[in-house]
Amino acid sequence: MPLVAHTQLPTFQRLKEEGEDILNPDRATHQHIRELHIGFLNIMPDAALEATERQFFRLVGACNQIAQFHVHPFTIKGLPRSETAQAHISQYYETFEQLKQDGLDALIISGANVTHEHLQEEDFWQPLTEVFEWAKQNVTSILCSCLATHALIQFCYGIERTRLPTKRWGVYSHKVIDRKHPLTAEINTRFDVPHSRFNEVFQEDLQQHSVKVLVTSSEAGVHLAVSPDGFRIVFFQGHPEYDDISLLKEYKREVMRFINLEIDEYPPVPVHYFNSEAQAIFHAYAKQVQAAQKNQLPIPSFPDQEVEPFLDNTWRDTAKAVFNNWLGKVYQITNQDRRLPFMPGVNPDNPLDL
Ligand SMILES: CC(C)(COP(=O)(O)OP(=O)(O)OC[C@H]1O[C@@H](n2cnc3c(N)ncnc32)[C@H](O)[C@@H]1OP(=O)(O)O)[C@@H](O)C(=O)NCCC(=O)NCCSC(=O)CCC(=O)O
Ligand SMILES: N[C@@H](CCO)C(=O)O
């Protein structure tokens, strides 16, 4: 929540010049205080459906303890769903139709699993672009994670993602390259983010289309970027929402695929994620698995519980800070009527007046 410049203290002016959010007393007394309504389009596969819900709800809830947030989960057609997942959706999710009528201040779109070579061949492509088309006109800002980022970058700017020779998988160090942008204001200038993807969109391609790149990693590429208007679409290529154990679960899935003879090579570990103790445990486990296979003995169970105490979360604080900046800015410019994206006087082509 922004500071109110309730006196002439020079610090207010100085901070304002540095880009800090400072409200003048008149604006502060006339602000229409209300709750924020955030849509959450969950397109993750069944196994991660509820974990992903928790991750994004947690980020929204934990980023700011003062404002009130209503998060509205919904999904789209074109994704395979088990009976259990479908029952969960039917019981607890809202419909896009209803949300269109009620209005949203912000929209989060999760990552997804893909099965086709080109994103436009996925069954969920058309429904996803329908949500996006509506949100672009009616929602103050849309935040996309990983696959949603790839899909919307393709849809908006015609940039197709590129398949990487090996999966980008691990926890990577990042640097803020635009320290003036309100999304990166007052956050750590170097911080970690998990990535988990076979594909990438590149900084030069984004910049050629005037997409503003804010945070990059020398090893993992772009993490955070915004649409040319500076705010209306926020792109995350990494997964700042991941739990401490999310990459461990993905690693376990890959090892299980090896054990079940679905892949030929024992999977590599996600990089910069396991410390030396955890790596030693997994190194020993890989040897045990391969020896058991060779000698046709029972496969020892995966040592996840042994490893869990060694896992660190080195990304969540910054993830919360970015979310807080994002939702704070949404609040400052959204209309009192939640069906309208902007207050009077806000320029949709440059809503933050950058
Ligand atoms: C890795 C798995 C398969 C693990 O799921 P499993 O059901 O096997 O897990 P499990 O070991 O049986 O454990 C079940 C418990 O763990 C929780 N759990 C499951 N997945 C979790 C996760 N990712 N993070 C944290 N917790 C998780 C469950 O809610 C459940 O908790 P309770 O028991 O407490 O209820 C899943 O998480 C998954 O499918 N992840 C999504 C991977 C993915 O498709 N990502 C795409 C995004 S990547 C992208 O968008 C770009 C794609 C690209 O470009 O390549
Ligand atoms: N953007 C509004 C808050 C939401 O009603 C204001 O600043 O008055």
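1. Domain 1 and domain 2 bury about 980 Å² between them, and carbon and sulfur atoms give 57% of that area. Buried area here is the accessible area (1.4 Å probe) that two parts lose on being put together, summed over both. The model is predicted: local features need pLDDT of at least 70, side-chain atom pairs count only at pLDDT 80 or more, and totals for chains, interfaces and linings use all residues. Residues are numbered from 1 along each chain as its sequence is written, and side-chain values use heavy atoms, with hydrogens and water left out.

2. Domain 1 covers 32-243 + 313-333, and domain 2 covers 245-310. The bounds come from an automatic or database domain assignment. Each domain puts 13 residues into the contact (heavy atoms within 4.5 Å). The domain centres, taken over C-alpha atoms, are 30 Å apart.

3. Polar pairing across the interface: nine residue pairs are in polar contact, both residues at pLDDT 80 or more. A polar contact is a pair of N or O atoms within 3.5 Å; within protein, one must be able to donate a hydrogen and the other to accept it, and residues adjacent in sequence count only if both atoms are side-chain atoms. Salt bridges between the domains number zero (side-chain nitrogen of Lys or Arg within 4 Å of a carboxyl oxygen of Asp or Glu).

4. Ligand 1 is surrounded by 25 residues (a heavy atom within 4 Å). Among the closest are Arg54, Phe198 and Lys249. The Arg161 side chain places an N or O atom 2.9 Å from a ligand 1 oxygen. For Ala112, a backbone N or O atom is 3.2 Å from an oxygen of ligand 1.

Key: Chains lettered and ligands numbered in written order.
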